[in-house]
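Visitor: Please take me through one part of this model at close range. I would like to see how the two chains meet.

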Amino acid sequence: MTAATTSSVTAKPAGENLRFYGIWLIGIAALIVLPQVFSSGGSLTSFSLIGIAIVFALSYNILLGQTGLLSFGHAVHYGLGGFAACHMMNAVVSRGWPIPLPFIPLFGGIGGLVFAMIIGWVMTKRAGTVFAMISLGIGELVASSSLILRSVFGGESGITTDRTALPKMLGWSFGPQLQVYYLISFWLVLSAIAMYALTRTPLGRISNAVRDNPERVQFIGYDPHVVRYLAYCFAGFFAGVAGGLTAINFEIANSALLGAIQSGLVLFSTFIGGTAFFFGPILGAILVTYLQLGLTNLTTAWQLYFGIIFIGIVMYAPGGIAGLLMMHRPLIRAGTLWTVIPSYLVAIVPTVALACGVILTIETVARYSGGDPINLFGIPFNPTSPMTWLTAAVLVVGGAFVARLTWRRIAEAWDRAATVARDRGYLA
Amino acid sequence: MSGAVSGKSPAIEVHAVEKRFGNVGIIRDLNLSVAQGERHAIIGPNGAGKSTTFNLISGHIKPTSGEVRLNGDLISGLQPFEINRRGLSRSFQVTNVFARMSVWENVRCAVLWATGHRYAFWKNVDSLPEVRERTAQILDDIHLTHRRDVPAGLLTYAEQRELEIGITIASGATVVMLDEPTAGMSHAETDRAVSLIRRLTEGKTLVIVEHDMSVVFGLADRISVLVYGHIIASGTPEEIRRDPKVKEAYLGEEAH
């Protein structure tokens, strides 16, 4: 009942603090070391894009995961941030202001924030379907305006800029991609820390409460509209930072940055990664950007694969990749994870067979008229040959039949392991 | 714990309130006065408008006409959060918690506004000593300290009802309204909940809607009987027991 006894209830063990800061430090170290290990131009470009995608996805999760707002127009703030950054860079060059390049993403953020402050109040009056529909409308409105208002958005060709023309900082010209990568990494770390810190503030906690139950929030003193508005402004700011980084990376901002495709992609990354955990969107952004870069080279039907992955996640793992990973935490703590692993190993073979069957089917359909050969993990297939069709059918039907049996075994092993974990007090 | 607000005006005063949905009058000429520090029970048959009365007072719905006063100040027409900030807090008949958040977080959210942290985005919520202490105190009060890290949606029904009370009193409101806090509870759970309510609302004004007559007559200083959106009698438990109108309209049908 006294303060002395109550504070001991919440004191964090030292080990937990160490692990918390350890994860962040490992992440920062990885960002520094990555380009030393993979130093090709292609991987530097990929890492830069992934870094930007992570900032963008984390900003989206302030809305979706933290506050429960499903936006179909988040790229508006990303794109406007990009345009703001481009205009700022050109102004710095033409007016001779002493602002070096590393500060430019801040102006991108301000661009995203200002627009969020203007439209946010009306948008966040309601959550749910109303918010989703308005966000879709605003997204389309801004995207089409960008083609009409040529002086601001540069029409079809967009606004170009030259990042190397800005004042140098610490002798860095930011011409080489490596320097741009480190600039993006710096802003990635800064933004990620800031967005994580936001979740640990009174506003961040109340955002979660608004997500769970906006009605009840009103009866503990809070106006859910204000909470949603503030969350929207923060999301707009960090989306603008990501847009500013894109502008620096490509030295151009055009209407494609603000469109529905970008908005869809960020929703996709965030959801696949998992909205319930802070690191979920990070995983999602890495995977989706990587797939996007990799798949577009391999197949013309890459969007179809994205759709299948998305549907699969929505149906079978609504918690995303992060949710799947974190499901195992109580089992690890209870020491029962090893009882589940064998059923996973058994399931791998038929599941991979099923996946190969689906890929073969899709590629057969996609390449039938063109007649391009299919190369499935090194094995060549001819899309017009009945042998290929037969192989695909056997893999899909047989794989699905066997895979279902093995999945059932996973579920049973899971139930047993979870029961033990519950008995040992690691699972509610 | 803060005592009752001093002053002569009643804690809650409902004057000639009417609520219509279209042409249907749900609440007709409702008059109700709850004195400072009083434990007041509202009883009445199903569909009499008890929850609607709660919703009208707490700002969940707005009266068609008439006025509601809290400690003498007009509150009808205000938003629920504005009324809450003036010191009136209510619970819900159907459990209404933050399901995905832990028990600890549920109570802490309810503490934040009252401790003055509002929409702050520059403070670490984990390093606010007064918030932490008050949250721990309330968890202790509602006997849920051992369940602090469990998501509220995974609590048992009785535990969720206790959490509901905890969230309601967490802000330190001086006027507490509980809508059927013991509904669906077993005898033992009801006894536990009643002693909890008695202890936590010490020195506060309590308005309670309740079906369990032993709870009502054991807890309340005064009772109002609501029938078809109109209060037909208001008085001490003894007066209510003797009132012929009440016997006819309510106790006569259900209790005998």
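**Where chain B meets chain A**

Guide: Between chain B and chain A there are 20 residue pairs in polar contact, both partners at pLDDT 80 or more. A polar contact is a pair of N or O atoms within 3.5 Å; within protein, one must be able to donate a hydrogen and the other to accept it, and residues adjacent in sequence count only if both atoms are side-chain atoms. On the chain B side, α2 (80-85), β6 (88-90), α3 (103-112), α4 (129-141) and α5 (157-170) each supply at least two residues. Helices (H or I, at least four residues) and strands (E, at least two) are DSSP runs, numbered from the N terminus. The chain B residues that touch chain A divide into 22 nonpolar, 12 polar and 14 charged. Here Ala, Val, Leu, Ile, Met, Phe, Trp, Tyr, Cys and Pro count as nonpolar, Asp, Glu, Lys and Arg as charged, and the others, Gly among them, as polar.

This is a predicted model: local features need pLDDT of at least 70, side-chain atom pairs count only at pLDDT 80 or more, and totals for chains, interfaces and linings use all residues. Residues are numbered from 1 along each chain as its sequence is written, chains are lettered from A and ligands numbered from 1 in the order written, and side-chain values use heavy atoms, with hydrogens and water left out.

Now the totals. In contact (heavy atoms within 4.5 Å) are 48 residues of chain B and 32 residues of chain A. The buried area is about 3,500 Å², and carbon and sulfur atoms give 61% of it. Buried area is the accessible area (1.4 Å probe) that two parts lose on being put together, summed over both.

Charge pairing comes next. Three salt bridges cross the interface of chain B and chain A. The term means a side-chain nitrogen of Lys or Arg within 4 Å of a carboxyl oxygen of Asp or Glu. A:Arg216 and B:Glu164 meet in a salt bridge, at 2.4 Å, N to O.

A:Arg211 touches residues of both chains. It lies in helix α9 (residues 202-212) of chain A. A polar atom of the A:Arg211 side chain lies 2.9 Å from the backbone oxygen of A:Gly65. A:Arg211 is buried, with a relative accessible area of 18%. Buried means under 20%, exposed over 50%, partly exposed in between (1.4 Å probe, protein chains only).
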